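Work through the exercises below with the sequence and the coordinates at hand, and try each task before reading its solution.

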Amino acid sequence: NIFQSYSDQRVAQRYALATIYYSTDGDNWVGRGPFLDSRVDECDWELQVGGIYCTGDTIEGLSLGYNNLVGTIPPEVALLSDLSDISFYENKLRGTIPIEMSE
């Protein structure tokens, strides 16, 4: 199993990104590239617009503006515990910002 060598933090990061993808209609994102490709490190999941920004293996920034996201921001985004910059501008998101993000 490819994920056996991953730290708990890396597994949580990949899970959080997957929940963002599926709760915002990821199949219809603009230029999603290798997003969710198990053969590619999540810090290398490039997007046509925006992207994932890491220090080492830790995700610290997530920029998904102008990517045709439709849906809601899932509470699992809080699993990105070192996230200091997040951007979802110019999409079709609804609902509230998950309370878990403030914890």
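**Exercise 1.** What is the handedness of the link of cysteine 43 and cysteine 54 about the S-S bond?

**Solution.** The model is a predicted one, and a search of the whole structure finds one disulfide. That disulfide joins cysteine 43 to cysteine 54, with an S to S distance of 2.1 Å. The angle about the S-S bond is -95°, and the link is left-handed. To place the link, note that cysteine 43 lies in the loop between α1 (8–23) and β1 (51–55) while cysteine 54 is in strand β1, so the pair ties together parts that are 11 residues apart in sequence. Cysteine 43 has a relative accessible area of 16% and is buried, whereas cysteine 54, at 27%, counts as partly exposed.

**Exercise 2.** Classify the ring pair of tyrosine 21 and tryptophan 29, and then that of tyrosine 66 and tyrosine 89.

**Solution.** The whole structure holds six aromatic pairs. For tyrosine 21 and tryptophan 29, the ring centres are 5.1 Å apart and the planes stand at 65°, so the pair is edge-to-face; both residues are buried. For tyrosine 66 and tyrosine 89, the centres are 5.1 Å apart and the planes are at 80°, so this pair is edge-to-face. Tyrosine 66 lies in the loop between β2 (58–63) and β3 (70–71) and tyrosine 89 in the loop between β4 (85–87) and β5 (92–93), so the pair ties together parts that are 23 residues apart in sequence. Tyrosine 66 is partly exposed at 49% relative accessibility, and tyrosine 89 is partly exposed at 43%.

Methods: Residues numbered from 1 in each chain as written. Predicted model: local features only at pLDDT ≥ 70, side-chain atom pairs only at ≥ 80, totals over all residues. Heavy atoms only, no water. Phe/Tyr/Trp six-rings, centres within 6.5 Å; stacked < 30°, edge-to-face > 60°. Buried < 20%, exposed > 50% of the residue type's maximum accessible area, 1.4 Å probe, protein only. Helix = DSSP H or I, 4+ residues; strand = E, 2+ residues; numbered from the N terminus. Disulfide = S-S within 2.5 Å.
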